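Take a look at the structure below. Then follow the report from its core to one of its strands.

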Amino acid sequence: MEAMAQPKYKGKRYRLDKPELLAPAGNLEKLKFAVHYGADAVYIGGQKYGLRSNADNFSFEEMKEGVEFAAKYGAKVFVATNIYAHNEDIEGIEEYLRSLQDAGIAAIIAADPAIIEVAKRAAPKLEVHLSTQQSTLNWQAVKFWKDEGLPRVVLGRETSLEEIATIKEHVDIEIEAFIHGAMCSSFSGRCVLSNHFTDRDSNRGGCCQSCRWKYDLFEDGREDAAGWVSEEDQLMQQAAPAPAPFKPGVTQIPLFQPQDNPFTMGSKDLCMLEHIPDLIEVGIDSFKIEGRMKSIHYVATVVNVYRQAIDSYMADPENYVLKPEWIEEINKAANRPLNTGFFYDTPDHEDHIYEPEEKAVPYDFAGLVMEYDEETGIAVIQQRNHFKPGDEIEFFGPDGTFFKQAVGRIEDQHGQELDAARHPLQLVRMKVDQPVRFFDMMRKRKN
Amino acid sequence: MSNKPELLAAAGSTAEVRAYLDAGANAVVVGEDRFGMRLPGSMTLEEIREAAELTHSRGSSIYVCVNNLMTNELSNDLPDYIRSLGEIGIDAVEFNDPSVLTAVKEHAPKVKLHWNAEMTATNYSTANYWGNKGASRVILARELNMDEVTEMKPRLELEAQVQIHGMTNIYHSKRRLVKSYMAHQGRPVEEGNLGKERGLFLIEAERQDEKYPIYEDMNGTHIMSSEDICILEDLHLLMAAGVDSFKVETLLKPRHYNEIVLRTYRKAIDTYAADPSSYAFQEEWLDAIREVQDPERELSFGFFYKEQVY
């Protein structure tokens, strides 16, 4: 395999020798998968103040359980409190943040000083990480937040690798950057399309992804088009009488042809898997994966791959190679085309999605390994999606378990042969070709 | 804080500054498009100096919009720019990025700071936070409703500015979305041909009556609202609440239109200030605006009376 290009930018991490892999966890079960599959930290949403009001967010009880589970792996739990608050949200912030602290949460991710200040005062054990919603792109702004006592800033997704290097040079602080997942095509927080189209407040978790809707682009054809007037025209206007009143129904010149795909603002998803050395060497402290709404299969697959890539590089940077199977794995979880965002240059026409989207992930999470008997080679599988004898399946797990086989004879817990595993969570026994472990996953290509 | 609220207009040239002061504005906001965004025109330091002299000779105020989301490169250029603005003697800088706040405090300490975070300036606590950091005014989000604005006002430790007329920005991306789309279609367009002057707009598939202006400049792609805020009928509620500054957004409007709008609000403000108890809204004021209003753009109360969910 061809040697990787040497990373161009070198920077130092603030507290960690090895970058943290930070994964999304939409609920307690996803948290467990994320941690088991290698996340050093997970971020979740609580019942309030988060930007995913549609997710099945955590209760305090679930948070405690999540924190305890993560602690066994040495992993931390962060809570996104990343809304821009309105007056009515202010009361209650203090109580909420104290409860997070009591639940053992390590940090909140916040954008609004209304929340940040309360955390500093009322829940001092909670670290405050500045959310990407603040669109922080420059070192002086980063320094401002450091001086405010924040140990970490999540940069705006518009920051390039070179800019991160400069920030690292000037400010000794943890830098967290998104490395994988869906992206706002706007500056995060600077979009109220949802508010205008559906009266749903995007900055309080109501985003309905209007940027991915279909639009047509026109040019205003009228001569007295409202808008910009050149300096010369202004001088003319001063001498001339007022322009004629607007005429309704004047020309709209379409800037598309009937066969064209409609205009849309939807971005391809971010994937930095092929650039792990650059991310590590520039000194990014935390590698963040997007997707609190994503499936267990997605979270486990993506975390698993990045875990292996990061560990492999850290163990031996000189001889690091990007394994083709990692890319294959990532593609099994991808539900949109991928790109590298702003890390290397400003996205252009190849970085947006104009074609009708095929959102379907090609694979299903078919089953979860609960037990494995080394002597017989029989595994007990908890059903997560329909499968039956003859189906081509893959097993994968943390630390690189991976093999393919066909489903052979399957039987229920009483040894009764089954023609298919039909029922969610039903326990099924089957022979596997290689050893598996508790919490390894079984996936199946969709038909 | 005077009793009479300020009437503020965005201006893109010295000629516009003059015209809008003549029409009744007693404050203007200008800027240069490297540092400020969504300006009706980009003005050099020399032009800003000229505009400042003119504005101050009328006893009015001039603010400079420096609301860009700064890159390292831009933030390096801030000290010189801010120092020059301080030397010119402008009255305030509108900022969003903390790097601008730091630069103003260091390099032009006499210049006031107006916190302008557009859609993210949504509560009194955060406004007061920036007040403690040195801001003397908050420019409130256009997505707030009337109750939120009026309830907020007594809890604010700094001045409040509210946009009362014109369009608002509803989406800002660093990406060149129109340029990318045209390239995707195989009909690439030359650089600089997708700006404000082009009159581009979007129509969403299920909202055929709504035209959303879109344009690109060095700061990326901007999409604007399909309606124009017009709070004229209920301006007295904001005046009674003690809002300190009323902004007329002049962006993407002909000067003649803006002049009529400013004259109308001037009349309403003066009438109210003369005797709040006998103040009554006059339908003919609104008629004057309706007459020049683009019929394809609705005059609306924006979010003042909308219920938003999430």
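## Core and strands

In this predicted model, the largest nonpolar core has 183 residues. Those with the most contacts inside it are A:Val42, A:Leu97, A:Ile276, A:Tyr306, B:Val66, B:Leu238 and B:Tyr265. A nonpolar core is a set of buried Ala, Val, Leu, Ile, Met, Phe, Trp, Tyr and Cys residues joined through side-chain atoms within 4.5 Å. Buried means under 20% relative accessible area (1.4 Å probe, protein chains only). Helix H11 of chain A (residues 296-315) gives this core its largest share, eleven residues. A second, separate core has 25 residues, including B:Met119 and B:Tyr212.

Now turn to strand E4 of chain A, residues 107-110. Helices (H or I, at least four residues) and strands (E, at least two) are DSSP runs, numbered from the N terminus. A:Ala107 and A:Ile109 are buried on one side of E4(A), and A:Ile108 and A:Ala110 are buried on the other. In a regular strand, side chains alternate between the two faces of the sheet.

E4(A) pairs with two strands of chain A, E3 and E5. Strands pair if DSSP finds at least two bridges between them.

| Pair | Sense | Bridges |
|---|---|---|
| E3(A) (residues 76-81) and E4(A) | parallel | four |
| E4(A) and E5(A) (residues 127-130) | parallel | four |

A:Phe78 has A:Ala107 as its bridge partner in E4(A). A:Ile108 has A:Val128 as its bridge partner in E5(A).

Residues are numbered from 1 along each chain as its sequence is written, and chains are lettered from A in the order in which they are written. Local features need pLDDT of at least 70, side-chain atom pairs count only at pLDDT 80 or more, and totals for chains, interfaces and linings use all residues.

Definitions and conventions:
Side-chain values use heavy atoms; hydrogens and water are left out. Buried means under 20% relative accessible area, exposed over 50%, partly exposed in between (1.4 Å probe, protein chains only).
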